[in-house]
Amino acid sequence: MSIAKLAILGGGQMGAGIAQVAASNGIDVTLIKATPGSSDPVKATIEKSLTRLVEKEKMSQAGAMEVMGRIAFTDDLGAVATADLFIESIIEDIEVKKAKFAEVDRIMKPQGILASNTSTLAITEMQDATERSERFIGLHFFNPPTAMKLVEVVPTRTTDPSVTSVAIGFCERLGKTPVLVADSTGFIVNRLLTPYMVDAMRCLEAGLSDIHGIDTAMQLGANHPMGPLALADYIGLDIVHAMATNLYESFGLEHMKPTRTLDHLVAEGILGRKSKLGFYDYSESPPVPNPALHG
Ligand code: CAA
């Protein structure tokens with residue numbers, strides 16, 4: 001079995017990026033909005049991303065139109081009925097995810113595969129909300145999905161090996177490198193990367209350096225494309241907070257716990273790039289360190 005029809009639930013950064021990558025590789029995609037409202041913003045996000053590729057002469061205008069033509073936009077979950085693969089990419093709330101999976105399980109054709117793009121939540125817990133645990137798997141893409149090469153593939157104890165093979169083939173068709181990971185909070189990347197970002201916030205709180213200093217040190221000293229604070233803003237501080245909370249609740253290790261700065265920022269709706277303010281102020285071009293945070 002190979003994947004010809006993909007349904008994605010969630011039109012955020014991840015859902016939109018995965019849709020673009022899949023459609024760019026010849027797969028028919030239905031992008032289902034998880035919250036009520038128009039699909040125009042997510043459609044515009046993908047159009048803008050494709051326009052950038054056309055401007056950089058990495059894709060022709062006709063190619064971009066072909067990709068857009070392969071993506072259908074809807075808010076009707078019924079669209080999963082005929083999909084070969086369903087990827088959930090919604091809010092990191094286990095109860096909401098379980099309810100959606102139970103609903104999709106009832107609607108989707110029996111051979112369909114269910115997958116979650118969760119960052120840190122347990123795949124096993126989600127699959128238990130369905131009647132098809134042998135056709136359930138984790139497929140964890142990275143932000144931005146258009147550029148990041150990795151997909152963590154997370155089979156559970158009950159995932160049929162043929163489903164894992166199909167999932168691996170799907171990732172490879174998208175030009176990604178799949179890495180198999182056991183179902184454990186944060187898998188590999190977020191288990192290592194989240195405490196690193198949170199520790200960078202602790203360094204800032206301790207006055208080790210300022211925002212620019214901490215980010216420059218890790219960019220130039222460890223050859224990272226972005227410093228940890230810029231990366232946290234890029235991912236979204238609410239998402240980083242949720243990941244840190246889940247890791248701390250699972251492993252009980254102090255260095256995984258959200259810091260007070262992260263708690264405060266998220267409580268105030270200061271979420272990084274998407275809210276135009278985080279460790280940096282994105283209303284400026286180029287962004288400048290947020291002066292309220294000893295920047
Ligand atoms: N569509 C398709 N391809 C795109 C694209 C788009 N919209 N935008 C960029 N790309 C491609 C580019 O074509 C380029 O590919 P080539 O090298 O083959 O030419 C590549 O992506 C890099 O793009 P740019 O050169 O424009 O970007 P950049 O060099 O400024 O890098 C960045 C931007 C990729 C974001 C880089 O800063 C980076 O890697 N940052 C770190 C990101 C990271 O660590 N992400 C993981 C976060 S953790 C996570 O995601 C887990 C979670 O669960 C939350």
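**Figure 1. Helix H9 and its buried residues in the predicted model.** The buried residues of H9 are Pro228, Leu229, Ala230, Leu231, Ala232, Asp233, Tyr234 and Ile235. The model shown here is predicted. With 8 of its 8 residues buried, H9 is largely enclosed by the rest of the structure. Its buried residues pack against helix H1 (13-24), H7, H8, H10 and strand E9 (280-281). Gly236 follows H9 and has a positive phi, near 115°.

**Figure 2. Helix H10 and its packing partners.** H10 covers residues 237-251, 15 residues in total. From first C-alpha to last, H10 reaches 21 Å, close to the 21 Å expected at 1.5 Å a residue. Buried in H10 are Leu237, Val240, His241, Met243, Ala244, Asn246 and Leu247. They pack against helix H7 (189-205), helix H9 (228-235) and helix H11 (260-267). Gly252 comes after H10, and its phi is positive, near 65°.

**Figure 3. The second largest pocket.** This pocket holds about 250 Å³ of space. Its lining includes His212, Asp215, Thr216, Gln219, Pro225 and Met226. Ala230, Arg273, Tyr280, Tyr282, Pro286 and Pro287 also line the pocket. Helix H8 (residues 211-222) gives the most to this lining, with 4 residues. By class, the lining has 7 nonpolar, 3 polar and 2 charged residues. One of the lining residues, Pro286, is joined to Ser285 by a cis peptide bond, with omega about -5°. Pro286 lies in the loop between E9 and strand E10 (288-289).

**Figure 4. Two nonpolar cores.** In soluble globular proteins, nonpolar side chains tend to be buried together. Here the largest nonpolar core has 37 residues. Leu139 and Phe170 have the most contacts inside this core. H1 supplies the largest share of the core, 7 residues. Another core lies apart from it and has 24 residues, among them Tyr196, Met197, Ala232 and Tyr280.

**Figure 5. Contacts of Leu139.** Residues up to four places away in sequence are not counted here.

**Figure 6. Leu77 in its loop.** Leu77 lies between strand E3 (71-74) and strand E4 (85-88). At 10% relative accessibility, Leu77 counts as buried. Beyond neighbours within four places in sequence, Leu77 is in contact with Leu9, Ile32, Lys100, Glu103, Val104 and Ile107. Lys33 is 44 residues from Leu77 in sequence, yet the two are 8.5 Å apart in space, C-alpha to C-alpha.

**Figure 7. Glu47 on helix H2.** Glu47 sits in H2 (residues 40-55). Its relative accessible area is 37%, so Glu47 is partly exposed. Glu47 and Ala222 are 175 residues apart along the chain, and their C-alpha atoms are separated by 34 Å.

Figure 8. Most residues other than glycine have a negative phi, and most peptide bonds are trans. Asn143 and Pro144 are joined by a cis peptide bond, with omega about 5°. Pro144 is in the loop between strand E6 (136-141) and strand E7 (150-155). Phe187 is not a glycine, but its phi is positive, about 50°. Phe187 is in the loop between strand E8 (177-180) and H7, and is buried, with a relative accessible area of 4%. Lys276 also has a positive phi, near 70°. Lys276 is in the loop between H11 and E9, and is exposed, with a relative accessible area of 52%.

Terms used
Residues numbered from 1 in each chain as written. Predicted model: local features only at pLDDT ≥ 70, side-chain atom pairs only at ≥ 80, totals over all residues. Heavy atoms only, no water. Helix = DSSP H or I, 4+ residues; strand = E, 2+ residues; numbered from the N terminus. Expected span 1.5 Å × (residues − 1). Buried < 20%, exposed > 50% of the residue type's maximum accessible area, 1.4 Å probe, protein only. Contact = heavy atoms within 4.5 Å. 1 Å grid on protein atoms, 1.4 Å probe; cavity = no way out; pocket = protein on both sides within 12 Å on 5 of 7 lines; lining within 4 Å. Points joined across faces, edges and corners; volume = space filled by probe spheres on them. Nonpolar A, V, L, I, M, F, W, Y, C, P; charged D, E, K, R; others polar. Core = buried A, V, L, I, M, F, W, Y, C linked by side-chain atoms within 4.5 Å.
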